[in-house]
Amino acid sequence: MNAYMASVIEQVKKRNAGEPEFIQTVEEVFHSIEKVVETHPEYEKTGLLERLVEPERGISFRVTWVDDAGKVQVNRGFRVQFSSAIGPYKGGLRFHPSVYIGIIKFLGFEQIFKNSLTGLPIGGGKGGSDFDPRGKSDMEIMRFCQAFMTELYRHIGPDVDVPAGDIGVGGREIGFLYGQYKRIKGVWENGVLTGKNLEFGGSLIRPEATGFGATYYVNEVLTHLGDTMKGKTVAISGFGNVAWGVCQKVTELGGKVVTISGPDGYVYDPDGVVTEEKIEYLVEMRLSGRDRVQDYADKFGCKFVPKTKPWEVKVDICMPCATQNEINMDEAQKIINNGTKYYIEVANMPTTNEALAFIQGKGLVVGPSKAVNAGGVAVSALEMAQNSMRYNWSSEEVDAKLKGIMKNIHAVSVEAAEEYGLGYDLVAGANIAGFKKVAAAMMAQGLV
Ligand SMILES: NC(=O)C1=CN([C@@H]2O[C@H](COP(=O)(O)OP(=O)(O)OC[C@H]3O[C@@H](n4cnc5c(N)ncnc54)[C@H](OP(=O)(O)O)[C@@H]3O)[C@@H](O)[C@H]2O)C=CC1
Ligand SMILES: O=C(O)CCC(=O)C(=O)O
């Protein structure tokens, strides 16, 4: 790596010691954009990379709430407003016990480039809490969300920062958060959050957008390579919001998802998660708050493998849909041994940098998460547009726009990789295309 970029990485490591996920994503992006930075000496003169890796603003706050037993609970809340170079900060909220500032910064940094790739005017941000929703009653979730928003409201707004869902945050939580925002502000500003229910300004297709978008992206890859989804077997991890959207769209396109997974293990369903009943059951399992995928195997009479990830199953396409760094070198080796041809990241940063390089080195076609899962935030931006217009598009209209956005993300990634002589490298292409737009906006806006 060139001296300028190496020195910025050194600084990132020093300043953010104890935040390995954040350091990992910075290294991953820098690895891809080296050739771009080399042809733009003005980036070094203006400290562009140093500015890019430092959030514009970050807040950490106490969230005090009372559980059903009357006991006072204290959690930690975060919002990192990473970059407003191309639009208001935009990105989800994650409620999970593993959340700490390093997770929020890694997700916020990824969001900058992902949001840029959508072609829509949205900057990068992310937030969340170490609150564990598992086993909590609706009332506990509501009290937590109200307490969280009681601090967050002063930092967000439809033209400032627009949070949405991520792991542990779905329509129910967004509803409680919006109710509290409205109560405090006393105005109808539903563009402040996305992922809302339809009755108060949500967009059709938002719940399924990440999974649908990911599948549209895979379809672009297959078409580009003269292949098709028809008859393909697909392994996925996770069983949440993203996973069920993938199951539904893969089925529609003629493929078959044969695995799902949870913290308890994975399910192998050779007939595929293809019927409406099975897909609806995934949604039910997630809403139950039990976080157990074995329930699916028990209900539909298929194989359950405890405490194991699904990558040992032989399939044509692997699509990790659960969480960060779920694929390390051991899991990557299994994917290679199975002769899988397409490795498509859907969860945010599901692959360690070492495993990603290994998989790419073995010649698999790799779709990077920033590009593949961008359909979720893209439809969130369409929700913002509908809220501003005080109007709703039909599901056909939103779906057509989503399809167009995913097609374009693939196309600009291909073009960017080719421009720098990198061939069909979708990882580098996505990073370069996302970065170039943000860098151009930063250069035009002066030293901020
Ligand atoms: N929802 C959206 O619109 C978008 C989501 N994504 C990404 O897609 C992925 C799946 O999201 P979603 O469908 O909502 O999630 P899921 O409902 O599938 O839940 C994630 C799963 O990952 C498990 N997990 C294991 N380790 C961790 C960890 N360290 N942190 C968090 N979860 C962990 C969780 O189990 P356990 O709780 O037991 O650990 C849970 O089963 C995530 O990476 C998310 O960031 C990306 C773009 C948009
Ligand atoms: O819809 C959004 O604003 C954010 C989705 C998200 O958190 C993500 O893209 O990882």
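Seven strands make up an open sheet of mixed pairing, in the order β9-β8-β7-β6-β10-β11-β12. Strands here are DSSP runs of E with at least two residues, helices are runs of H or I with at least four, and both are numbered from the N terminus; two strands pair if DSSP finds at least two bridges between them. The edges are β9 (303-306) and β12 (365-367), each of which pairs on one side only. From one strand to the next the twist averages 15 degrees, with axes fitted as lines to C-alpha atoms and angles running from 0 to 180 degrees between N-to-C directions. Within the sheet, β6 (residues 233-236) and β7 (residues 256-262) run parallel and are joined by three bridges. A235 has T259 of β7 as its bridge partner.

The model is predicted: local features need pLDDT of at least 70 and side-chain atom pairs count only at pLDDT 80 or more, while totals for chains, interfaces and linings use all residues. Residues are numbered from 1 along each chain as its sequence is written, and chains are lettered from A and ligands numbered from 1 in the order in which they are written.

The protein chain has 17 helices and twelve strands. Its radius of gyration, taken over C-alpha atoms, is 21 Å, close to the 22 Å that the globule rule gives for 448 residues, so the chain is as compact as a globular protein of that length. That rule is 2.2 Å times the number of residues to the power 0.38. Of the 448 residues, 52% are buried, meaning that 20 or more other C-beta atoms, placed from the backbone, lie within 10 Å of the residue's own.

Two ligands have shells of nearby residues, where near means a C-beta atom, placed from the backbone, within 6 Å. Around ligand 1 there are 23 residues, of which G238, G240, P263, A347 and G376 come nearest. Helix α9 (residues 241-252) gives the largest share, three residues. Domain 1 (55-189) and domain 2 (207-372) both contribute to this shell, so ligand 1 lies between them; the bounds come from an automatic or database domain assignment.

The residues around ligand 2 include K90, K114, D166, N348 and G376. Both β3 (89-95) and α15 (374-389) give two or more residues to that shell.

Definitions and conventions. A residue is buried if 20 or more other C-beta atoms lie within 10 Å of its own, exposed if 12 or fewer, and partly exposed in between; C-beta atoms are placed from the backbone.
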